[in-house]
Amino acid sequence: GAAAAAPAPRRDSSREPVGMDMAASLQPSAVQQWMNNLAAHENALLAQRVAAAEAKAAAAELLKDQVVEAEARAAAAEAWAAAVAEERETEKGAEGDAAEGAAPSWLARLAGGEVDSLGEVEVVSAVSEAAMTARAPAESLDDVAAKQRWLKSLDVPMWGRAAVALSEAASDAAGMAALSAQCDSGDDVSCRILSEQEEDSQARLARLNVPNWGAAAAVLSVAASDAAAVSHAALEALEA
C-alpha cells in the first residue's frame, strides 16, 4: 500500500520575528523625546525665576530686620527722652524751656509723621549733619563743652518722635518692597495689591524722590537711625 504521509511540522510561534509595530513601540517616540526636552527647559527657567525671587525676598527680609532694630532703638530713645524731659520741665520753667532751642520746622514735620518731607534735600542734609555731629568724637575740652551745649539745646522728645515715625515708615516701605519682589516672581495676589495702590505709591515715591520701594526703605531706615542717634546723644548729655 501507499506509504503514510509524513506529518506537517508544527508551527513554532515563539521563533517568529517580532513585528515592526511592536519594535517601534519599544523605542521612545520622537514626539515624546521633544516633549521631555521642552519640559526640562521650562523647569530650568522656572527654577531660575524662583531663585531670583527668593534672593529678592531674602534681601527684603534683611532690610525689614534692620528696620525693626532701628525701631527698637528709636522707641528706647523716645522713652528715655520723655523721662528726662519731664524731669527737666520740673526743674525749669516751661517758658525757659521753649526759648532754649525751638525745634526747626522740618523736625516738627518728621515728628508729626510727615516723613515724605525727607525727599527734600535740605531735610536729608539737616538730619544727616545732626547725626554726624552727635556721633563725632570731641577733639578738645572746648569741643566737648560746645558739643554738650548743642546737645542740651535740642528737643529730645521731638527727635525721638521723629525717629519712631521714620522707623515705622521704613518698615512699611520694606513691606512694599517685599510685595514687589513677590509680584516679580509671579505672585498674582501681590501684583493685585500693588495695582490697587499704584497711584498712591507712585505719588509717595515721587515725594520721597526715590525710584522704588527698596530705595525708599533704605533712605527712611538711614534717617531713622540718624534721628535715633541724635536723640540718644542728646539724652546722654542731659543725664550727664
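**Figure 1. Ala-216, a buried residue of helix 10.** In this predicted model, Ala-216 has 1% relative accessibility, so it counts as buried (that means under 20% relative accessible area, with exposed over 50% and partly exposed in between, using a 1.4 Å probe and protein chains only). Ala-216 sits in helix 10; helices here are DSSP runs of H or I with at least four residues, strands are runs of E with at least two, and both are numbered from the N terminus. What does Ala-216 touch, not counting residues up to four places away in sequence? The list is Ala-173, Leu-205, Leu-208 and Val-210, where a contact means heavy atoms within 4.5 Å. Have a look at Asp-172 too: its C-alpha atom is 9.7 Å from that of Ala-216, although the two residues are 44 apart along the chain.

A quick reading note: residues are numbered from 1 along each chain as its sequence is written, and side-chain values use heavy atoms, with hydrogens and water left out. Since this is a predicted model, local features need pLDDT of at least 70 and side-chain atom pairs count only at pLDDT 80 or more, while totals for chains, interfaces and linings use all residues.

Figure 2. Helix 10 covers residues 213–239, and its 27 residues should span 39 Å at 1.5 Å a residue; the end C-alpha atoms are 38 Å apart, which agrees.

**Figure 3. The aromatic pair, Trp-106 and Trp-159.** How many aromatic pairs does a search of the whole structure find? It finds one. The ring centres of Trp-106 and Trp-159 are 5.7 Å apart and the planes are at 80 degrees, so this pair is edge-to-face. (Rings of Phe, Tyr and Trp, the last by its six-membered ring, pair if their centres lie within 6.5 Å; planes under 30 degrees apart are stacked, over 60 edge-to-face, and the rest tilted.) The pair links distant parts of the chain, with Trp-106 in helix 4 (residues 105–111) and Trp-159 in helix 7 (residues 156–184), 53 residues apart. Both are buried.

**Figure 4. Inside the largest nonpolar core.** This core has 46 residues, and Trp-106, Trp-159, Leu-166 and Leu-220 touch the most other members. (A nonpolar core is a set of buried Ala, Val, Leu, Ile, Met, Phe, Trp, Tyr and Cys residues joined through side-chain atoms within 4.5 Å.) The largest share, 15 residues, comes from helix 7.

**Figure 5. Asp-116 in its loop.** You'll find Asp-116 in the loop between helix 4 and helix 5. Is it buried or exposed? At 17% relative accessibility, Asp-116 counts as buried. Its side chain joins that of Arg-207 through a polar contact of 2.8 Å. (That's a pair of N or O atoms within 3.5 Å; within protein, one must be able to donate a hydrogen and the other to accept it, and residues adjacent in sequence count only if both atoms are side-chain atoms.)

**Figure 6. Where to be careful.** Where pLDDT is low, the predicted coordinates should not be read in detail.

Definitions and conventions: Expected span 1.5 Å × (residues − 1).
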